[in-house]
Each structure stands twice: as structure tokens, then as C-alpha cells.
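Please look over the sequence and the model that follow, and read this report beside them. It moves from single residues to the ligand and then to the chain as a whole.

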Amino acid sequence: MNMMRSLAALTFTVISSLSLLNLTHSATAQTKGGDQLYQPQVGQPGKDVVWVPTGDELVTKMLQTAKVGKDDLLYDLGAGDGKIAIAAGREFGARAIGIEYNPEMAALAQRNAERAGVADRVKIIRGDIFKEDFSKATVITMYLLPDLNLKLRPTLLKLKPGTRLVTNSFTMGDWEPDQVINSSGNTGYFWVVPAQVEGRWMLKGLEGHAVASLDLTQRYQRVGGTISLGSNPPQPLLGVDLNADELRFRYLDSANQLQNVRATIKGNRMDAELLGTYSNNRFDGMRQ
Ligand SMILES: C[S@@+](CC[C@H](N)C(=O)[O-])C[C@H]1O[C@@H](n2cnc3c(N)ncnc32)[C@H](O)[C@@H]1O
């Protein structure tokens, strides 16, 4: 296990060093997060991953892509010197919490937040990202390792639909990103946590049908399925799009007219409407 971790750390260091070479900042500039009390070294070991700070330009692009704003609560998992949390507070007006395992690093990050004048809205917790609760986050940032992203993935997928995730460098396995961020040779990835919609939904009030249902299949944000209206055979949904808790699709109705649906998912219920119709356009669904 320790060998695996050292190997992972080595891989990370090699990848990060390569990308650092591409940065306009020098490695020395990257140690700037320190102060008289503590001077961390780029590549120093951490509990599950070494410390390498995200470059300034990518920090800005990651936060811009996630559209971070004053109503957000951002968590940086593995906060290092606190630079992402601090930028979220200082440049984007958000509240931010950094979780950092190394106590000296966590204390430094908190001092950095105070020096940046954002200590009223940026806090650094000394803790383990696999133990701390970050379920109230509206935005999560991470610069970890591929296997750590995968280990966190089940927890991340249970966050409130619409929570935005941004990583530096590493993906989430077969959960495709919604957007790829490029920044001077470095790459970031962006996802929106999708609502869980899979299953059979009984629909009430759709076009006056006493019996109507939806059968949805789901792979992360990709959704497909069929709709059954009365005794008609099920037919495929068209143009299905799931963004956070909003599900949109089209289907051909009994008169062969294309209908457009927008639904909001609320756990096992959905509130839906037929777009473009002027009366009796609302219906609802209940997951079986
Ligand atoms: C690659 S650095 C990223 C720092 C910062 N997020 C950034 O992008 O500039 C990863 C950080 O995670 C910390 N870390 C490693 N394992 C951790 C764990 N289990 N819980 C909390 N922090 C951890 C390391 O000490 C290091 O500071």
C-alpha cells in the first residue's frame, strides 16, 4: 500500500513537474505561499498526495468556469497553501473552506487567508478529505490524483444536483467532464452533479392520458429512455438533456406532433411542463 502511494506520489510529481515546466511561473515562484513560520516545498509529501500548487492562471479559469459567485460555498479538497480558497473569496466574493491534512500547511493557509484580508469568509480546516463533511458545498475544487478522484466519486455524485466540480489535471474515470479547461498547457475539468433520474416514472396529467409513464436509463449526466402513452407502444425519447436537476426531452404525441418537455427533478418526484402549449401544460411524475 505504501509502495502504491509512493508510486502514485512519484507519478504525480513527474506529471506535475512536466506541467510546471510549461508554466510561466518558475518553481521558485511556486513556493511563494510560505512565510517566516513555514516554507513548504513544491513536491513535499502529503497524506495521500504531494503538494504542488495550481498555477494562478488555471486557478482563475477553474473558478470562472464554475461561475463562482458570492452565493457559493466552495470547498477545496487538499487545500495546500489555501490559494484556491483564497482566490474564491478575494476575486469571486464566495465563502470558501479548504481542507488540508498537513497541520503546518493548514496553519499557513489560514495565515495566508488572513493576510489576504478574506478570513471573514475563507476558513482552512485541518482534516482528512475522506473524513470531513463537505455536503454543503456548492462548488468543489480538487488537485489530487486520478485514483483519489475515483475514490471520492461516489460521495461527489451524492452531492446536491447542480453542485459544480472542477479539477486540475485529473479526470473522474468514465464520468465524462461537461467541459475541458485549457490554460497555458495545463488542463482542468468541469462537471455538474446530475440528479439521479433512472427508473420508471408514472406521469399524472400528461395530455389527459390516464396512464403514462417514462422509463429512464442513466449514465452520469447522459440519459435515455422511452415514454408510454395509454395503450400505445413505448417510443424513444428524443434530445434528452439532463443538467443538474433539470431534465428536458422531446417525444411524438398520439397525433404525431413533436412535444417538448421540461421537468424539475425533486428526489422521487418531478414537476414537468409541456413547452409551447398554452393550457393544461403542467403534469407531474412519481418514481416507482
Ligand atoms: C496537489 S496539492 C493541491 C493544493 C491546492 N489545492 C492547489 O491546487 O493549489 C494537494 C494537497 O492535498 C493535501 N492532502 C493530501 N492528502 C490529503 C488528505 N487525505 N486530506 C486533506 N489534504 C490532503 C496535501 O498536503 C497537499 O497540500
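Asn102 counts as buried in this predicted model, because its relative accessibility is 17% and the buried class takes in values under 20%. Asn102 belongs to the loop that runs between β2 (95–100) and α4 (103–115). A polar atom of the Asn102 side chain lies 2.9 Å from the backbone nitrogen of Glu104, and, once the neighbours within four places in sequence are set aside, Asn102 is in contact with Tyr38 and Gln44.

The C-alpha atoms of Glu114 and Ile86 are 9.4 Å apart in space, while the two residues are 28 residues apart in sequence.

| Residue (side chain) | Ligand atom | Distance |
|---|---|---|
| Asp48 | nitrogen | 2.7 Å |
| Glu100 | oxygen | 2.7 Å |
| Asp128 | nitrogen | 3.0 Å |

Taken alone, the ligand exposes 600 Å², and the protein buries 99% of that area. The ligand sits in the largest cavity.

Is Gln218 buried or exposed? Gln218 counts as buried, because its relative accessibility is 15%, and the limit for that class is under 20%. A polar atom of the Gln218 side chain lies 2.8 Å from the backbone oxygen of Tyr220. When residues up to four places away in sequence are not counted, Gln218 touches Pro194, Ala195, Gln196, Val197, Glu198, Val223 and Leu242.

Most residues other than glycine have a negative phi. Ser169, however, has a phi near 75 degrees, which is a positive value in a residue other than glycine, and Ala244 likewise has a positive phi, near 60 degrees. Ser169 is placed in the loop between β5 (164–168) and β6 (179–183), and it is partly exposed, with a relative accessible area of 22%. Ala244 is placed in the loop between β12 (238–243) and β13 (246–252), and Ala244 counts as buried because its relative accessibility is 13%.

Some totals describe the whole protein chain. How many helices and strands does the protein chain have? The protein chain has five helices and 16 strands. Of its 288 residues, 48% are buried. The accessible surface of the protein chain comes to about 14400 Å², and carbon and sulfur atoms account for 53% of that surface. Among the contacts in the protein chain between residues at least 6 apart in sequence, 51% join residues that are at least 24 apart.

How values were computed
Residues are numbered from 1 along each chain as its sequence is written. This is a predicted model: local features need pLDDT of at least 70, side-chain atom pairs count only at pLDDT 80 or more; totals for chains, interfaces and linings use all residues. Side-chain values use heavy atoms; hydrogens and water are left out. Helices (H or I, at least four residues) and strands (E, at least two) are DSSP runs, numbered from the N terminus. Buried means under 20% relative accessible area, exposed over 50%, partly exposed in between (1.4 Å probe, protein chains only). A polar contact is a pair of N or O atoms within 3.5 Å; within protein, one must be able to donate a hydrogen and the other to accept it, and residues adjacent in sequence count only if both atoms are side-chain atoms. Contact means heavy atoms within 4.5 Å. Accessible areas come from the Shrake-Rupley method with a 1.4 Å probe; for residues, only the protein chains shown count as cover. On a 1 Å grid over the protein atoms alone, a cavity is a set of points where a 1.4 Å probe fits but cannot get out, and a pocket is an open set with protein on both sides within 12 Å along at least five of seven lines; lining residues have an atom within 4 Å of a point. A molecule sits in a cavity or pocket if more than half of its atoms lie within 2 Å of its grid points.
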